[in-house]
Amino acid sequence: MAENPHMKVLYLNVTQKTESEKQAFVNMARDHKLPGTEVHIASLPEVDGRFRNASYRTYEAIMTRGIVRAARVAALEGFDAMAIGCFFDVAIHDAREISGEMIVSGPCEAGCEIAASLANRFGIIIGHRKWAHQMQESVRSYGHEHRLTGFYHVGLSVTEFQKDHDETARRLIAAGRKAVDEDYAEALILGCTMEIGFYKKIEQATGVPVIDAAIAAFKRAEYGALLKRQCGWIPSRKWSCEPPPEDEISAFRCFENGEALGPRLIVKPDGSVDSGPKTLLTGQPRLTPGWPLNSVAAT
C-alpha cells in the first residue's frame, strides 16, 4: 500500500472570496496537505447567491441548496472528501446524506474534535456575539458542551478579519488571553474560517494550543479520505444515514442540470497551482459496482 495515496479533497467556501482571500486558502492547502493530496478550492457559484458572509440563518437556508448540489457533483466526480468552509457547518448533515462514498467535514465539528484531543476545556473566539447561540447548539450536538469555557467575540465581521492583520491579531490575542486567564481555557478554537493564518501568533501570546478552523476542517477531511483509502471506511447508508432513492431524485427533479461549483483553484500533489473550470451537474448517477452502501459515481 502506498505511503501517501493520491487523494482528492474539495474545500468548499460557502461565500464569494476576493483574490487575496482565495490565495490564503491556497497557501493553507499547500502548506498543510499530505504529499499525495490534490486540493480543489472553490466557492459556491454566484447563481446560489453572492454572499460574503453566512452570519444569518436566512443566508444559510439559501446556501443549503448550493452546498447539497456541490456535495452531489463532488461525489460524482470522485472526490474522496469535502470540507465545508464555514464554522456554522452549514448543511453538513444534508451534504453527508447525498455524498455517496465521499467524506464530509465541517470546521466546528473538526475544531472541537481536535481541541478535545489536546485539552479538557476550550474557548471559541468569534466575530460577533450573534454567532454564539447557533454555534453553541452545534457544540452541544457534537457532545462537547461540557468542555466549552465560552464564546469570546472581537467585534469583527467575516470580511474584516483579513483587512488589517495587526488589528485582527490584537483583538484575537486579547480575546484569547481573557479565555485562558479568566475562564481557564486550556485550548482555543478560531470560530471563523476567515480567521485563517492567525493561530500561531495567538499560541505564542497565550501559551495554549490554538485551532485554526479552516485547517481543522481540511485536515479532518483529508484524514477521512486517508481512512477511506487505507481502511475502506466510507459513510454508512443504513437507517438514519440512508440517502434519498435515485428514482425519487430523478422524479422530483432534485438535481437539474446547471452550475454546481464556481471556478476552482487546484493545488496539485506537487504543490503547484492551476485553475479549473466551472463545474456543471449533468447526467444521471449509477451505483458503483462492488460497493454495498448505495454510493454513486459519475456516468
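Helix α6 (residues 165–183) packs against helix α7 (residues 199–206) at an angle of about 45°, their axes lying 9 Å apart. Helices here are DSSP runs of H or I with at least four residues, numbered from the N terminus, and axes are lines fitted to C-alpha atoms over the stretch in contact, with angles running from 0 to 180 degrees between N-to-C directions. The pair is therefore oblique, a label for whatever is not under 35 degrees (roughly parallel), over 145 (roughly antiparallel) or 65 to 115 (roughly perpendicular). On the α6 side the contact (heavy atoms within 4.5 Å) involves Ala169, Leu172, Ile173, Gly176, Arg177 and Val180, and these meet Lys201, Ile202, Ala205 and Thr206 of α7.

The model is a predicted one, in which local features need pLDDT of at least 70 and side-chain atom pairs count only at pLDDT 80 or more, while totals for chains, interfaces and linings use all residues. Residues are numbered from 1 along each chain as its sequence is written, and side-chain values use heavy atoms, leaving out hydrogens and water.

Turning to open space, the largest pocket is lined by 23 residues, with Arg96, Ile103, Val104, Pro235 and Ser236 nearest its centre. A pocket is an open set of points on a 1 Å grid over the protein atoms alone, with protein on both sides within 12 Å along at least five of seven lines, and lining residues have an atom within 4 Å of a point. Helix α8 gives the most to this lining, with 5 residues; α3 (92–97), β4 (103–105), α4 (107–118) and α8 (213–231) each supply at least two, where a strand such as β4 is a DSSP run of E with at least two residues.

Technical notes:
On a 1 Å grid over the protein atoms alone, a cavity is a set of points where a 1.4 Å probe fits but cannot get out, and a pocket is an open set with protein on both sides within 12 Å along at least five of seven lines; lining residues have an atom within 4 Å of a point.
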